[in-house]
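Morning, everyone. Please have a look at the entry on the screen.

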Amino acid sequence: IERDLSKMTCLGLGVGMFRWEREPSRYVAGVHFVSDKEAKKWLETWDRKGMVHSLMTFGLRDGAPYIGGLCNCTYADCISIRWRRDYGIEQLIKGERVAVIAHPENCNGCFQCVSRCQFGAITANIRAEKPYIDLTKCFGCGLCATGCKRQVIELVDRRNFEVLKHSW
């Protein structure tokens, strides 16, 4: 059983975590309770590594989705990302924002954003020496923006774009 904390990449949230002993097979690595400061530090570490943060919901409570966890993963190890990206199975919902090149004049063409995008939304426009973002593929995770040392990329509300208003 894996018990290396550096390999754990999901955070359980809420009172449901106090029931983990009833379903030990779901928590094969065990459970480690952390403070809000520790959780924030882990999120920052996972972001630097290029991991997508996504909320996990577990049914409805009082008519709204019950948030039970925060998953952090990459295309290579996340079935939800792969199903959505490769097969169009909408298990993973897009975020409220999309990435745009807000300051192209500051871009040096390093293409770090291309390698950080887990959804294939950013490609290298070699002739222009700038990245190209396909907004219809963007999930708004923000990894491209947090990885851009020159702060070229910003996240904006997807509802600002007519073609994206109903694309979740």
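I will go through the salt bridges and then the exposure of the residues in them.

Keep in mind that this is a predicted model. A search over the whole structure returns four salt bridges. As background, side chains of opposite charge can pair when their charged atoms come close.

I start with Asp47 and Arg116, whose closest N and O atoms are 3.6 Å apart. Where do the two residues of this pair sit in the chain? Asp47 belongs to helix H1, residues 36-48, and Arg116 to helix H3, residues 112-116. They are 69 residues apart, so the pair links distant parts of the chain.

Are these two residues buried or exposed? Asp47 has a relative accessibility of 14%, so Asp47 counts as buried. Arg116 is buried too, at 8% relative accessible area. The cut-off behind both calls is under 20%.

Next, Glu162 and Lys165 form a salt bridge, with 3.1 Å between the closest N and O atoms. Glu162 is exposed, at 60% relative accessibility, while Lys165 is partly exposed, at 31%.

There is also a network: salt bridges with shared partners join Glu96, Asp157 and Arg159. Within that group, the side chains of Asp157 and Arg159 meet at 3.0 Å, N to O. Asp157 is partly exposed, with a relative accessible area of 27%. Arg159 is partly exposed as well, at 38%.

Technical notes:
Residues are numbered from 1 along each chain as its sequence is written. This is a predicted model: local features need pLDDT of at least 70, side-chain atom pairs count only at pLDDT 80 or more; totals for chains, interfaces and linings use all residues. Side-chain values use heavy atoms; hydrogens and water are left out. Helices (H or I, at least four residues) and strands (E, at least two) are DSSP runs, numbered from the N terminus. Buried means under 20% relative accessible area, exposed over 50%, partly exposed in between (1.4 Å probe, protein chains only).
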